[in-house]
Amino acid sequence: MERVVLVLVLIHFLCSVHSQVSYSIPEEMSKGSLVGNIAQDLGLDLKRLKTGKGRIFTGDQADYIALDKDRGILLIKERIDREALCGQISPCALHFQIILENPMELYSVTVEIIDINDNPPSFEKNEMKFEISENAVVGARFMLDIAVDPDVGINGLQGYNLNPTHNFQLNLKSQREGGKIVEMVLQKPLDREKEKEVALVLTATDGGEPLMSGTVQIHVNVLDANDNAPVFTQQVYRASVIENSPKGTRLTTVSASDADDGSNSVVTYSLSRSTAGISDLFEIERRNGEIILIGELDYERARINEFYVEGKDEGGLSDSCKVIIDVIDVNDNSPIISTISKSSTIAEDAPSNTVIAMISVNDPDSENNGQVSCIINDNIPFAIKTTTNRFYSIVTDSELDRETHSEYNITVTCSDEGVPSLSSRTDLSLKMSDVNDNAPVFEKSSYEASVSENNTPGLSIYTVRAQDADWNQNARVSYILEESSNNGVPVSSYVSVNAESGVIHAVRSFDYEQIKSFTFHIKAQEGGSPPLSSNVSVKIIIQDQNDNAPQVLYPVQSSGSLVAEIVPRSADVGYLLTKVVAVDVDSGQNAWLSYKLLKATDRALFEVSAQNGEIRTIRQVNDKDAVKQKLTVVVEDNGQPSRSATVSVNVALADSFPEVLSEFSDFTHDKEYNDNLTFYLVLALAVVSFLFIVSIIAILSVKCYRWRRDRMFYKSNGNLPVISYYPPLYADVGGTGTLQHMHNYEVYRTTDSRKSCLKYGRPGSESIVSLDNTGTLPPAQREKLINEDFDDEVSKLPYSMYL
């Protein structure tokens, strides 16, 4: 067969989803024949066909057409028999869609199958037999079987020819619904005595090229006279039946009467052979004319069934009537859902109206039973939209968030409008692909950790944690110590942070007395592109340990000089000798100090207050008590374990200064220091004598002043003067030490001045700036201090003490 391809673009629909292209081809084309250049007709680039994975979607139809993406053409995939595909339906066409992805595009294609004259007309039987009475009137009609030609149009059945035509001629009667009734009409009376049988040939021809035909033999048996033919009471009988009615359903009854008597009036009924396939659906009772359903009626296949019933008497005369059976549709077909194309994944930042799937829906029922609407499940960020009749798109209609829902199951439900309504459903699974849209989030808005001082470098202090709601690399968090400084020192010299685990390590050992706390920032940064990050502040508090012993501020100790407190023998019980002043640079309970008398020359004479370190007499001094007394006081803190310091207090029990001097040498420790002490004492006496002479001269002028000053000086009882001194490395401990941090440690002289003969005091504006390891002054400074104080105090003694 010569390959003929007729390419005709019928309509280009202007719509956002697809266009339409139509082609016409003859049936029976060989496999691989060209249908049309689809790429050119649709205006598509061949590269687009390949990258878009172009393919043909036919739904539930057979695949007759193939797409060659390399050349952009449509080819015959399987031989097409128009009669097998469409039967008598004309025009006959294949409808399919071409689908492209990335982005999704849909194009409708219609291929019309043109009939060729490849089938001759044919009769169901090879011969037809008739029994006709010889007295049949001229004009009597006899219905003949019709021929069937599967071809359509000009190639279909066009006419009949009857030979010979001596007694009969052919009469064709057109039907309203199409087709023809073929009747043989008696034109010349029959004479049984001359001719018992008449042989005829009925030829059916079509109009194709070349012309094709089919024949059937007609045998007429001439019977004796039967004057009257049966006559039906109606020419057309009509009945309605619901599709899917059970077999055996009685539809209607036809009736014919014959005016003859006897056997010539008995009428029998039969279905005419004028419509193919009727005998598979209906049967008629021969005697009573009742038509019964014996097959299955399907509205979607045939809405109307028309056929003829023949009524014949025993004389061979007959009449016919038409029977029309209307099939009533019921909603017996659920919508058919076909997925044209779908995406399995979608980015969570996909814009609104992104197409994720295309489906087609078909319901073969009629009217409302075939009207379909589709919905999807609620509470999902998707919507279903109608693109054209029977085609739907599922699109995004709001923002997507993988961290909230990583996967969606979309259920598409399509329902018709029948009563009761029928529906179908299909499920689509869609996964969200991650986009880096979430920064790491720390578990807390800020962190606070503590570490004991004197820690080991490299010690793990704390662990920070940050979570990222994204996935995979976008959620991989690294921890970075941000550069900053604390009092000019880079924070990186204090701590480091593990980039993977977020563990904070101490870089060095901390000293609470140098630094009590510091704050820095850690950045959590994930591995996305570009990376997102967040910061958090971390405060490290240094906890104090009891690593410092108490330091004695007063009395100042020195191995090279002598300091002594004078207690008059007339001192009452509770007389305040002096006060031991100590400080501990630790904090909290590590700096809580207690005082205890460790050793004493006479334990029954003095006691030490455990809370404030005041040394007082616990009994009256008597003459039997030794002039020289030595006390050893221990100062302990409250740490675990406790640390302590000791201080020695020299005491002289004397009412006069010469008595003190006579015993003074007994306190010396070596000759060098005794020589120095003697020198300073002689010098002090000379200075005092000079000052005494001056005071006598000026006594009248300053009498009032000195009286007021002495009164103010002796008025205070039990209060110690204040030493303006802070020990080395001493820091503010927040008010938790033995003395408040804002209090100057200046109290060191005896308070009962009316009964004290000697006071070692220094102006409050002076301060001691260095101590040795025992918390006392170095020997040189201590000796100078004692001599200076001694000279000052002796000059203040009354003249009667020298007499």
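Mentor: Happy to! Let's begin with an open sheet of 4 strands, whose order is 9-15-14-11 and whose pairing is mixed. Strands here are DSSP runs of E with at least two residues, numbered from the N terminus, and two strands pair if DSSP finds at least two bridges between them. At the edges stand strand 9 (127-133) and strand 11 (157-163); each has a single partner strand, so one side of each lacks a neighbour in the sheet. On average, neighbouring strands of this sheet are turned by 25° against each other, with direction ignored; the axes are lines fitted to C-alpha atoms, and angles between N-to-C directions run from 0 to 180 degrees.

Before going on, please keep in mind that this is a predicted model, in which local features need pLDDT of at least 70 and side-chain atom pairs count only at pLDDT 80 or more, while totals for chains, interfaces and linings use all residues. Residues are numbered from 1 along each chain as its sequence is written, and side-chain values use heavy atoms, with hydrogens and water left out.

Now follow strand 11. Strand 11 runs antiparallel to strand 14 (residues 197-206), and 6 bridges join the two. For a landmark, find Leu 162, which stands opposite Leu 202 in strand 14.

Which ring pairs with Tyr 160? The ring of Phe 123 does: the two centres are 6.4 Å apart and the planes are at 55°, so the pair is tilted. Rings of Phe, Tyr and Trp (its six-membered ring) pair if their centres lie within 6.5 Å, and planes under 30 degrees apart count as stacked, over 60 as edge-to-face and the rest as tilted. This pair links distant parts of the chain, since Phe 123 is in the loop between strand 8 (105-114) and strand 9, while Tyr 160 is in strand 11, 37 residues apart. Phe 123 has 12% relative accessibility and therefore counts as buried; Tyr 160 is buried too, with a relative accessible area of 14%. The cut-offs are under 20% relative accessible area for buried, over 50% for exposed and partly exposed in between (1.4 Å probe, protein chains only).

You can compare this with another tilted pair, Tyr 494 and Phe 518, whose ring centres are 4.8 Å apart and whose planes are at 35°. Here too distant parts of the chain are linked: Tyr 494 is in the loop between strand 39 (489-490) and strand 40, and Phe 518 is in strand 42, 24 residues apart. Both Tyr 494 and Phe 518 are buried. Ring pairs also join Tyr 494, Phe 510, Phe 518 and Phe 520 into a cluster, and the structure holds 12 aromatic pairs.

Phe 518 leads us to the largest nonpolar core, which has 27 residues; Val 495, Phe 518, Phe 520 and Ile 522 touch the most other members. A nonpolar core is a set of buried Ala, Val, Leu, Ile, Met, Phe, Trp, Tyr and Cys residues joined through side-chain atoms within 4.5 Å. Among the elements that give two or more residues to this core are strand 40 (495-497), strand 42 (517-526) and strand 43 (533-543). Among the residues that Ile 522 touches, leaving out those up to four places away in sequence, are Phe 442, Tyr 479, Val 497, Ile 504 and Val 538; contact means heavy atoms within 4.5 Å.

Finally, look at strand 13 (residues 180-186). Is strand 13 largely enclosed or left open? Of its 7 residues, 6 are buried, so strand 13 is largely enclosed by the rest of the structure. Strand 13 pairs in the antiparallel sense with strand 10 (residues 141-143) over 3 bridges, where Glu 183 in strand 13 is the bridge partner of Met 143. Strand 12 (residues 168-174) also runs antiparallel to strand 13, joined by 7 bridges, and there Gln 169 has Val 185 as its bridge partner.
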